[in-house]
Amino acid sequence: MITDGPLVRLVGATAAIGVGGAFVVTTSSLFLAEAVLATPLMIGLFFAGRAAAEIGTDLYVGGLSDRLRSRRALIAVCALLSAVGAFSYMLLRDYTVLLIAGAVFFGIGGATFAQLFAYTREFAEHRGVGPTMFTSALRSVTTLAWIVGPPLAFLVIAEFDFATLYAAAGGLYLVGAALSRWGMPDLPKVREPAQRATYAGLGARTYLLLGALVLMLTVNTAYQITIALFVTKDLGMGTGVPGLLVGLAAVIEIPATLLIGAHADRLGKARIVLASTVTAVVFFAVLPLATSLPALLLLQIPNALWTAGVLSLPVVMLQDEMPDRIGAASALYASGFKAGGLLGGSVTGVAGQFLGYPNVFWVCAGLSALAALLIGVRGMSDVRPVAATVVVPTYNRSGLLRHTLDSLARQRLAERFEVIVVDDGSTDDTADVVRGYRDRLDLTYVFQEDEGYRVAKARNAGVERARGEITVFVDSGVVLHSGALAAHLAAHAGGAVAVSGYVLCFNEDNEDGAEITAAIDFADPDSTMDELRAQRRWLDIREEFYAKYGDDFGDLPAPWLMFWTCNASAPTAAIRAVGGFDEAYRSWGVEDVDLSYRLHRAGTRFVLAREACAIHVPHPKSYADNMASAAGNYRYFAAKYDSPITDLVVGNHFHDINDIIRERGLVEEGTDAAPSR
């Protein structure tokens with residue numbers, strides 16, 4: 001890591017801004033009371049006003065960040081404004097002027113926190129690193145900053161004064177701004193900005209997650225306010241005990257956050273957040289009963305665990321649900337912190353006044369239970385009909401499968417779709433890879449024993465389970481354009497059709513494999529596809545056919561020749577009606593042509609959807625072996641249907657077969673498509 005300059009500077013910027021924030025936030029109340037002579041009411045209004053300003057500016061800046069070319073420049077500007085805010089604390093002592101300065105400079109500058117999360121997500125994706133683990137690691141840097149920052153801040157006040165402290169905070173913000181502007185790489189946007197209002201179209205799942213997040217942050221704030229009062233006033237312990245408890249929890253939280261980040265994709269982010277809220281219920285229910293120091297120290301383990309889950313994962317979950325608006329998603333997460341702070345103070349004041357400090361924790365247990373309920377309901381809330389089912393067969397290609405699932409997670413599709421991965425007996429880490437996408441996709445994993453090449457059976461297993469009206473077939477190692485599924489569905493709007501997607505970079509013998517792989521930007525495959533099409537490089541190997549007959553080739557006598565299931569779709573009911581794939585095909589090739597032939601016989605029309613574009617990622621294969629396998633399968637196909645037209649697949653190139661049919665005046669007899677399974 002220390003040799004990775006951009007990463008070191010990202011960590012440095014996060015740490016500098018984190019420590020600067022810890023300096024300001026933890027000392028502001030003391031500063032207002034001692035240096036400005038503010039009353040308790042004035043202090044409360046000051047924090048409420050600043051929090052309200054930060055929520056509004058967070059949300060605005062979040063939307064703006066998704067439209068701007070450079071997110072790092074925006075982070076630098078926000079950090080710079082925070083520095084101005086810190087310097088205003090250093091110089092000003094008039095309450096009203098400080099309130100305005102804090103609301104303006106920290107109001108806008110506070111968006112730094114959210115946009116660092118958005119930038120971290122983009123940084124991870126451009127590095128090909130899992131965003132969950134990467135975000136958790138950077139979140140740990142912030143946690144560490146808040147361990148180091150507060151005691152250091154109070155030490156500076158004790159040894160010097162408030163002016164020195166806020167001068168140091170301003171300097172740290174300036175360091176963060178400089179590292180952001182000149183030290184961190186300027187990342188191109190991975191996704192096209194949303195073509196809609198910034199926060200429009202948020203689904204019930206998003207609101208339920210936000211509700212649970214605000215509840216848990218309310219609980220967190222209430223705990224932070226109450227624990228010192230409970231320990232010193234109710235239990236009569238020394239004033240150093242609250243610091244010991246908070247410090248121990250923070251020390252445990254850092255490795256817990258890293259551990260959760262490492263395993264969250266495999267275990268499921270929503271499951272971990274649900275478990276965290278349940279852990280919080282137990283923690284707060286037991287806390288009022290803990291009256292000894294050992295008991296309080298022991299309880300910091302569940303305290304750190306629930307905090308690690310709740311404070312690190314929801315930002316990634318929101319980004320997953322708003323993939324074209326990660327800046328806005330991060331702003332929603334950050335705004336949850338401010339809203340939780342406002343509500344937490346109110347809850348503590350009311351409950352503490354009328355119920356006593358120990359009973360504040362019972363209220364926290366109740367709010368945590370409500371948050372757990374919201375997360376549980378969220379898991380059952382997506383009741384939209386499934387518009388499309390994507391079936392992905394795979395065998396020992398976990399690396400290629402990851403690229404395919406990444407591309408499916410990036411789809412810009414308003415309708416709901418599901419993904420069914422059918423594993424033909426893999427012995428690699430395919431199952432673990434699939435588990436890592438359960439929170440990003442409506443995903444089903446089906447395993448069948450390795451009994452040889454059974455891709456036809458694998459696809460049938462997907463079709464059998466399909467809930468979508470349209471089934472889209474995609475091979476592992478095929479990277480879809482973010483608009484591919486939308487293009488498939490748009491092509492089906494005209495009636496019963498079978499759609500061939502456009503496939504770039506299909507090398508029959510991997511002759512350009514290394515060059516193609518080097519040309520693919522896996523973090524932004526859309527731009528790669530746009531460039532390749534503009535340059536007319538590695539076009540679909542069926543392009544000669546399309547150029548000859550056009551994109552709407554449904555009137556040809558043998559349009560079924562172009563339906564290749566590396567990227568193709570058809571109505572689910574139609575596939576089932578003709579019997580699905582013939583499972584007698586036990587080697588590479590032709591099983592898709594067999595299906596499409598029967599679809600054609602059943603009256604399905606064939607079209608090309610160029611916008612349903614994809615890249616076929618090169619992988620080891622033998623062209624000679626594949627051609628030998630296909631030749632044998634074509635002979636089986638010809639014998640199976642035994643017609644003058646189907647006989648032509650043996651010994652003739654698919655580009656020529658339609659011309660031969662017309663030249664010979666051949667006519668397809670009958671329209672029935674006999675089941676083949």
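**Notes on the sheet, the helices and the aromatic rings**

1. Strand 6 (497-504) and strand 8 (residues 605-616) run parallel and are joined by 8 bridges, where two strands pair if DSSP finds at least two bridges between them. Within this pairing, Val497 has Arg605 in strand 8 as its bridge partner. Helices (H or I, at least four residues) and strands (E, at least two) are DSSP runs, numbered from the N terminus.

2. Before going further, please note that this is a predicted model, in which local features need pLDDT of at least 70 and side-chain atom pairs count only at pLDDT 80 or more, while totals for chains, interfaces and linings use all residues. Residues are numbered from 1 along each chain as its sequence is written, and side-chain values use heavy atoms, with hydrogens and water left out.

3. Strands of a sheet pair through backbone hydrogen bonds, either parallel or antiparallel. Here 8 strands form an open sheet with mixed pairing, and their order is 3-2-1-4-7-6-8-5. Its edges are strand 3 (443-447) and strand 5 (478-480), each of which pairs on one side only. From one strand to the next the twist averages 30 degrees.

4. What covers strand 4 (residues 470-474), and on which faces, can be read from its residues: 5 of its 5 residues are buried, where buried means under 20% relative accessible area, exposed over 50% and partly exposed in between (1.4 Å probe, protein chains only). On one side Ile470, Val472 and Val474 are buried, and on the other Thr471 and Phe473 are buried, so that both faces are covered. Strand 4 runs parallel to strand 1 (residues 386-394), to which 4 bridges join it, and Ala388 has Ile470 as its bridge partner in strand 4. With strand 7 (residues 567-571), strand 4 pairs in the antiparallel sense over 5 bridges, and Phe473 has Ala568 as its bridge partner in strand 7.

5. Strand 8 is also mostly covered, with 9 of its 12 residues buried. Strand 5 pairs with strand 8 in the antiparallel sense over 3 bridges, with Ile615 in strand 8 as the bridge partner of Val479, and with Val478 standing opposite His616.

6. Helix 15 (residues 398-409) lies across strand 1, strand 2 (416-423), strand 4 and strand 5, and runs at about 15 degrees to strand 5. Helix 20 (residues 525-535) packs on the sheet and touches strand 5, strand 6 and strand 8, its direction making about 115 degrees with that of strand 8. Axes are lines fitted to C-alpha atoms, for helices over the stretch in contact, and angles run from 0 to 180 degrees between N-to-C directions.

7. Two packed helices are described by the angle between their axes and the distance between the axes. Helix 12 (residues 300-321) and helix 13 (residues 326-355) have axes that come within 8 Å and cross at roughly 145 degrees. Among the residues that meet there are Leu311, Pro314 and Leu318 in helix 12, and Ile326, Leu332 and Phe337 in helix 13. By class, the residues of this contact are 9 nonpolar, 3 polar and no charged, where Ala, Val, Leu, Ile, Met, Phe, Trp, Tyr, Cys and Pro count as nonpolar, Asp, Glu, Lys and Arg as charged, and the others, Gly among them, as polar.

8. Helix 5 (residues 111-127) and helix 6 (residues 131-159) pack at an angle of about 140 degrees, with their axes 9 Å apart. The residues that meet include Phe113, Phe117 and Arg121 in helix 5, and Phe134, Leu138 and Arg139 in helix 6. This contact has 7 nonpolar, 3 polar and 2 charged residues.

9. Rings of Phe, Tyr and Trp (its six-membered ring) pair if their centres lie within 6.5 Å, and planes under 30 degrees apart count as stacked, over 60 as edge-to-face and the rest as tilted. By this rule the count comes to 36 aromatic pairs. One of them, Phe31 with Tyr166, is edge-to-face, at 5.1 Å centre to centre and 75 degrees between the planes. This pair links distant parts of the chain, with Phe31 in helix 1 (residues 5-34) and Tyr166 in helix 7 (residues 162-183), 135 residues apart. Phe31 is buried, with a relative accessible area of 1%, and Tyr166 is buried, with a relative accessible area of 0%.

Terms used. Contact = heavy atoms within 4.5 Å.
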